[in-house]
Amino acid sequence: MPPSAELLPGTLYLLILKILARGPLHGYAIARRIKDSSEDALEIEEGSLYPALNRMLVKGWLTAEWGVSENNRKARFYSLTPEGRKQLEHESRQFDKLIEAIQLVMRTA
Amino acid sequence: MLRKLLFLFQRKKFNAELDDEIRFHLEMAAAERGEAQARREFGSAVRMREDTRSAWQIRWLEDLLADLRYAARALRRNPGFAATAIFSLALGIGANTTIFSLTMEFLFSQPSCRNPETLADMRIGGNSGIDMPKYRFLRDAHIFEGLAGSNEESESNWRLGNDTYRLHVMRVTDNFFRVVGVPVAMGRPIEPGKRDVVVLSDRFWKARLAADPNVIGKAMIIDGRPYSVSGVLPHNHRTVLGFGLSPDLYIPVSRETDIVALIARLPEGMSIQAAYARLVSACKELDKVYPPDWGPKSSWANNVEVVPVAGVERLKSLDIAPFSAFFGVLMIVVGLVLLIACANVSSLLLARASARRQELAIRLAIGAGRGRIVRQLLAESLLLALLGTCAGLLVNVWLSGVMNRVQLPLPIPVQLLIQPDWRLLVYSMAVAVMSALVAGLMPALKATRGGVSAALKLTERQVAGRGTLRNALVVGQLAVAVVLLTTGFLFVRNMTKSMTMGPGFDADHVVWAYMRLVPENYTSSEQRRTLINNGLSELRALPGVEAASIACIVPLNDNWHTMSEIRTDLSDQPIRVSFHVNCSAPDYFRTMGIRILQGREFLPADRQGAPEVAILNENMALKLFGDRNPVGHTFRYTAPTMSAPITVVGVANNSKYFTLGEENPLALYECYFQKQEDVVKLHFLVRTLRPRDVVQQIAQTLGRLDASAAIEVKPMRDAMGFAFLPSRVGAALLGSMGLLGLALASIGLYGVMSYSVARRTREIGLRVALGADRGAVLRMVARESFALLVIGVSIGLGIAVFATRPLAMFLVPELSANDPATFLSVAAVLAAVASIATLGPALRALRVDPMTALRYE
């Protein structure tokens, strides 16, 4: 499932990693947080969020644990592994480079 | 990958957790925006679930497992089919892996030592060993991390109570265990400085000392001296020499004249070339202290060899071409057996695929890809192959156990130690996958060929047609079976031939009495000569004894082969000849029953000081003197120095010397008492009409002469085991493989024949109903299978003619590899088997009531 149209390809991982860098969250909160932080500009479809989370579990960037949510419900909390943290640094550097390059082209051309 | 594998085992839990998570998400969303909205936004939960799960899946593995599960269900529904296929494969794979294990053990086993990769066997001046002073000189040169010596062909006399036994011992330098790093199971190894300790082999400890747990420190009288047991080797001990050699015990070198072969521990990282260079320069120093004595310009630095103790390098350096060739032949033969087994499974699968044609057609029709179905059918053959391999490994373990227990009639103790190891596992996995592909690919491809509509329309009987592929399989199986049987038959004929043919001497009326003296007890050759003369005269005086003599070499049990330049008195040109040597006392030829064709045999007058005399065999006489009568002529050896002339006094009949397979060997006999050999091994030979009656008496007579000597007396016929060994082993292995091949091919033949007759039941019923003569129907069915038989057997015989040609090196010269009797018998056997396989099903078809046959739909 490709991420939603507004999202640049491949940036969903980066967003999830960034959001989780501040602490463990459950799936719904991740989607919520992305939406809020982007002032509703970015909306993550559930149909791509959970597959992405699971692929990240497979890659070893995340771990998942069952815990209790703010409204006292059983929920699955995702958190970064050291490997995930490394991946975050790597991806954000790549992303910055890409944006810079695009802006450079936009400005000069 | 690992995480994914773990997932395979937690699938249920995963699904439940995913459901929980989705439910939680929906509830949260519903709380915010209302349930309907939340559901709409969420989209298809099923789709999402699939996507999420696929993140975790290893697609091909899941498919494979699903295919295997499906295949297992299919096999359970057809137990007869599965059992036949697995049985065929188990036999084929069992035979195959067992020969593989045997080959690995024999040619590539690792010796019991520390870091075999830095150990090297060494040989200087072309000698396989050197005496102790020279050994010490090289050891003290400290050119390697360590230099040890060993002599694996030593014997010792073990005195126990009033009896003396001959032991096969490994005589080693006192640093051998430390340099080589041989582990012991109990006690301590032989340590530097120790001269009076021995280390026992596990076999000796168990067989001769009843596995005494308190054996350490016990005394043993060996060669008249007390030794104490310092250690016992583990049961899986393998000597550095390998080949299953299993000495009774390790004992330190006791005499300065003992010869040891060198083995060096190279410093870490030293190459073989560097070791070679060091050894050569040390040998040049050795020349100065101990000048070599085998002719002018000789040097210890000539013919230096440095060879790693393990691996392929070593095999190249040893002269084991016949062994390798033999194992090569064996591997090919068991490969063919496996091929037949695969063909069996293949034709079974073919038959099944025809029966399942409609099932497959339906699956194709509802959209399964052809590749997917082929894969599914292959999974079925893979499952069969895996089950067959498991059963085959059981066969392997059983057969290896049998082989480990076999006591071969060899002059030295040999104990094979075949154990399943990772090489066997890898090999059998490879074999399993290969057989699955070989057996399954063709049927799978054939079953899915042709369009969907064609497959759906036709019933099995209509499409099966003449079954070309199946017929090709039968022909192929027959051909391979012919090749196998021919080989097996050839070796069986070889065995019977070698057992019945005369070795050129009279093995039935001779007793061989071996007497090993303790070297320390016989310091002068005069002492020894007195003992021998006393022995001979007492033996001759025994009742029933016709003649007695003594020789250095007992034919077909030991060998003394040499290459020399000889100059006869007929010509100035020396002739280079390679020949067997024996030295024998007067009466040798009479005792052994070898005819003297010209001249005389040795006489008591041919003693030390008298002119040197020799007797030639016919081949040797022909080679040296041509058509002339050589008696009275003389010859000389030209090297190392020109020898005194030796007079030929007789010509003896040709006979066998070392192997029954040798062809036109040359031989020369020297006179026993003219040679000053310091030997402690006395081989008395006694001629008598009833060998078994005098064995006891001979042993007692010789035992009275010297109680410290080890004495073994046996009729010559019993001592022929070693000579018969190659032909017996060949016959046993290849004969049984041939029979196995025949059995498997018969199963296949029978299966295919009965299947094709069953397929024609309706047709046969129709013909009979329409009034066809039963004989004619029988002929019709028989004609088809006999056509297959003739084609298969002809192809097989054609291949066999060429395939058996290289086997001539294993056969006695009296038997040709293209022995017509062998080919005829093989063709007859196969024809008989094929007739039974055809007639059975055909007769059954004829007995079917025409009405039943017609309704057979």
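What follows is a working chat about a predicted model with chains A and B.

Q: Let's start with chain A: how many helices and strands does its secondary structure come to?
A: The secondary structure of chain A comes to 4 helices and 3 strands, and from the N terminus on these elements run α-β-α-α-β-β-α.

Q: And what box do the C-alpha atoms of chain A fill?
A: Taken along the principal axes, the box is roughly 55 × 30 × 25 Å. Chain A has 109 residues, of which 28% count as buried, and among its contacts between residues at least 6 apart in sequence, 50% join residues at least 24 apart.

Q: What order do the strands of the chain A sheet have?
A: The order in this open sheet of 3 strands is β1-β3-β2, with antiparallel pairing. The edge strands are β1 (25-26) and β2 (62-68) of chain A, each of which pairs on one side only.

Q: How many bridges join β2(A) to β3(A)?
A: There are 7 bridges between β2(A) and strand β3 (residues 74-80) of chain A, and the two strands run antiparallel. Within that pairing, L62(A) stands opposite L80(A) in β3(A).

Q: Switching to the contact between the chains, how many residues come from chain A and how many from chain B?
A: Chain A gives 15 residues to the contact and chain B gives 17 residues. On the side of chain B that touches chain A, at least two residues each are supplied by α1 (2-9), α2 (11-33) and α4 (45-56) of chain B.

Q: Which element gives the most to that side of chain B?
A: That is α2(B), which gives 7 residues to the side of chain B that touches chain A. By class, the residues on this side of chain B divide into 7 nonpolar, 3 polar and 7 charged.

Q: Moving on to strand β1 of chain B, how many of its residues are buried?
A: Of the 5 residues of strand β1 (residues 119-123) of chain B, 4 are buried, so the strand is largely enclosed by the rest of the structure.

Q: What about β10(B): over how many bridges do β1(B) and β10(B) pair?
A: β1(B) pairs with strand β10 (residues 259-265) of chain B over 4 bridges, in the antiparallel sense, and the bridge partner of A120(B) in β10(B) is A264(B).

Q: And which way does β1(B) run relative to β11(B), parallel or antiparallel?
A: β1(B) and strand β11 (residues 305-308) of chain B run antiparallel and are joined by 4 bridges. In β11(B), the bridge partner of D121(B) is V307(B).

Q: Now the helices. At roughly what angle do the axes of α23(B) and α26(B) cross?
A: The axes of helix α23 (residues 721-759) and helix α26 (residues 820-847) of chain B cross at roughly 25 degrees and come within 9 Å. The two helices are therefore roughly parallel to each other, and α23(B) passes α26(B) in a right-handed crossing.

Q: Which residues of α23(B) and α26(B) meet there?
A: On the α23(B) side, the residues include L742(B), L749(B), Y750(B) and M753(B), and among those they meet in α26(B) are V833(B), A837(B), T838(B) and P841(B). By class, the contact of α23(B) with α26(B) has 12 nonpolar, 3 polar and no charged residues.

Q: How do the axes of α18(B) and α26(B) cross, at roughly what angle?
A: The axes of helix α18 (residues 468-500) of chain B and α26(B) come within 9 Å and cross at roughly 130 degrees. That makes α18(B) oblique to α26(B), and α18(B) passes α26(B) in a right-handed crossing.

Q: What classes of residue are in that contact?
A: The contact of α18(B) with α26(B) has 10 nonpolar, 3 polar and 1 charged residues. Residues of α18(B) including F489(B), L490(B) and R493(B) meet residues of α26(B), among them F823(B), V826(B) and L830(B).

Q: Last topic, backbone angles: what is the phi of A211(B)?
A: A211(B) has a positive phi of about 50 degrees, although it is not a glycine. A211(B) lies in the loop between α9 (202-208) and β7 (219-222) of chain B, and it counts as exposed because it has 11 C-beta neighbours inside 10 Å.

Q: And where is N303(B)?
A: N303(B) is in the loop between α10 (272-289) and β11 of chain B. Phi of N303(B) is near 50 degrees, a positive value in a residue other than glycine, and with 13 C-beta neighbours inside 10 Å, N303(B) counts as partly exposed.

Notes. Residues numbered from 1 in each chain as written. Chains lettered and ligands numbered in written order. Predicted model: local features only at pLDDT ≥ 70, side-chain atom pairs only at ≥ 80, totals over all residues. Contact = placed C-beta atoms within 7 Å. Nonpolar A, V, L, I, M, F, W, Y, C, P; charged D, E, K, R; others polar. Buried ≥ 20, exposed ≤ 12 C-beta atoms within 10 Å, placed from the backbone. Pairing = 2+ DSSP bridges. Axes fitted to C-alpha atoms, helices over the stretch in contact; angles between N-to-C directions. Parallel < 35°, antiparallel > 145°, perpendicular 65-115°, else oblique. Left-handed = near helix turned anticlockwise from the far one by under 90°.
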